[in-house]
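Work through the exercises below with the sequence and the model side by side. Try each task before reading its solution.

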Amino acid sequence: MQVALMSDHPMDLNSRELALVIWLSIFVTTMMLLKSVRPAFLVVLRTLMQRKIVDVVGLAGLYTAACVWLLSKFGLWDWGNLKTVVVWFFTTAFITMANTKALETGPALFGPLLREALAISAIVVFIGGINTLPLWGELLMLPFLMFIAAMVAVAEHRPEHRIVLAPLNAILTFAGLYILGFSIYQVVADWQKLDPAFQAREFAIPIALTVMFLPYLYGLMIYMGFESAATRLRFKIEDRRLLRAIWLRGVLAFGLHPPAFSRFIHAVQMADVTSRSDVTAIVATLRRARRRERTRPSTDWNEGWSPYDAGDFLEAHGLGTDSYHPLLVNWAANSPYVKLTTETLPDTLVYRIEGTETAATELELDARWSETPELSDERFWEAAVSLITEALGDEPAERFERAIPTDAEFAMDVGRLTIG
């Protein structure tokens, strides 16, 4: 079996890419032919063609073209690598830009993005893609592996199906090892046809483009923060001169750090802002809060818990909180909602802390679940025991665990504190 190790044409597709194009074409055609789903599918397409999205993607394309030109000047790209750039743009770049929730985290996104680009899995995928199976093999393999992966995702969230996880993962592992082994075997068998310089560029280009794309993502984060702020403040502040002053003060103080700027806008929304002095006070308050976040000073036990330590109490349960921020009359921080089931309205857990500017005085673990919450109930009490252990120590946690309540009226006193 002969397999080409590289293409003479920059946009020639290998059999795996061709199989993906074929299946995507079948999917799109099916969506357009089925009257029951066609309207929803067209709505999705129209959403993707909105002016703002087109502008962001278009500018990203121009930015990527400039990056490619720069790589070519250093001999790290030529026209034979064009397909790699196109694939990178419509996978890594496009998906990252579309994940607006991740973009809201600010530069914290960059670390995971770079780790993904440099991960062992990326190396394995690259080696496995040097040589591919014949087209018929790729056409059969792609939907089969997607089906198995979907079954794994379902089984992971349904305890009654977890018994099949091991055999399903074994199938995926075997398939991955076969693809990797086949590619390595073909490289060794046909090493005379291998172009080391070309393959080195193929491997390095996606990594280089990911690194070079970070400034564009940073600019996009800042733009999104400014646009969101303009929308939110427009309904809060009627005085246009004051609105401009708020905007300018926020940009000068926090504008180059998107999460901090968003936090400033939220504080303005929560406060009764009527003058520039109110804005100056908010900026000073948030700057103090950011200094405390960096230094994490200790908190007098008589006042409460350190809000920064308390926010991390349930991090192992996926319930770490966001930044401690001012509300109307107090300060607070919330964790994301953790889904415990896979229903349309799933059981959830959320962790909240509230208190003063310098101390958390109330820690709340809140659950929302169905009428048969056996598994969710267990997860809740596990998290509750962890919270008490972190907040009060082992002895109160052991007492609480022995007396895990069976009714909503449960209350337990620990010194001057109440658990209930």
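**Exercise 1.** In which loop is the place of S306?

Solution. The place of S306 is in the loop between helix 13 and helix 14. Helices (H or I, at least four residues) and strands (E, at least two) are DSSP runs, numbered from the N terminus. This is a predicted model, in which local features need pLDDT of at least 70 and side-chain atom pairs count only at pLDDT 80 or more, while totals for chains, interfaces and linings use all residues. Residues are numbered from 1 along each chain as its sequence is written, and side-chain values use heavy atoms, with hydrogens and water left out.

Next, decide on burial. Buried means under 20% relative accessible area, exposed over 50%, and partly exposed in between (1.4 Å probe, protein chains only). S306 counts as buried because its relative accessibility is 7%.

Last, list the contacts, where contact means heavy atoms within 4.5 Å. With neighbours within four places in sequence left aside, S306 is in contact with P297 and T299.

**Exercise 2.** Find R296 and state what its phi is.

Solution. Start with the location: R296 is in the loop between helix 13 (276-295) and helix 14 (307-310). Then read the backbone: R296 has a positive phi of about 50°, although it is not a glycine. Finally, R296 has 37% relative accessibility, so it counts as partly exposed.

**Exercise 3.** Describe how helix 11 and helix 12 pack, and which residues make the contact.

Solution. First take the geometry. Helix 11 (residues 240-254) and helix 12 (residues 258-270) pack at an angle of about 145°, and their axes are 9 Å apart. Axes are lines fitted to C-alpha atoms, for helices over the stretch in contact, and angles run from 0 to 180 degrees between N-to-C directions.

Second, the handedness: the crossing of helix 11 and helix 12 is right-handed. A crossing is left-handed if the near helix is turned anticlockwise from the far one by less than a right angle, and right-handed if clockwise.

Third, name the residues. Helix 11 contributes I246, G250, V251 and F254 to the contact, and helix 12 contributes A260, F261, F264 and V268.

Fourth, sort them by class. The contact of helix 11 with helix 12 has seven nonpolar residues, one polar and no charged. Here Ala, Val, Leu, Ile, Met, Phe, Trp, Tyr, Cys and Pro count as nonpolar, Asp, Glu, Lys and Arg as charged, and the others, Gly among them, as polar.

**Exercise 4.** Trace the pairing around strand 4: which strands pair with strand 4, and in what sense?

Solution. Two strands pair if DSSP finds at least two bridges between them.

- Strand 4 (residues 348-355) pairs with strand 5 (residues 360-368) in the antiparallel sense over eight bridges. A hairpin through four residues joins strand 4 to strand 5. G355 has A360 of strand 5 as its bridge partner, and E354 stands opposite E362 in strand 5.
- Strand 2 and strand 4 pair in the antiparallel sense over four bridges. A332 stands opposite E354 in strand 4.
- Strand 3 (residues 338-339) is joined to strand 4 by two bridges, and the two run antiparallel. V338 stands opposite L349 in strand 4.

Now check the cover: seven of the eight residues of strand 4 are buried.

Strand 1 (residues 325-326) and strand 2 (residues 331-334) pair in the antiparallel sense over two bridges. A hairpin of four residues joins strand 1 to strand 2, and P326 has W331 of strand 2 as its bridge partner.

**Exercise 5.** Locate E401 and R399, and decide whether each is buried, partly exposed or exposed.

Solution. E401 lies in helix 16 (residues 394-402). Because its relative accessibility is 46%, E401 counts as partly exposed. E401 and W381 are 20 residues apart in sequence, and their C-alpha atoms are 8.3 Å apart.

R399 is also in helix 16. R399 is partly exposed, with a relative accessible area of 29%. The C-alpha atoms of R399 and V385, 14 residues apart along the chain, are separated by 9.8 Å.

**Exercise 6.** How many helices and strands are there in the protein, and what percentage of its residues is buried?

Solution. Count the elements: there are 16 helices and seven strands. Then take the burial: buried residues make up 35% of the 420 residues. For contacts between residues at least 6 apart in sequence, 61% join residues at least 24 apart.
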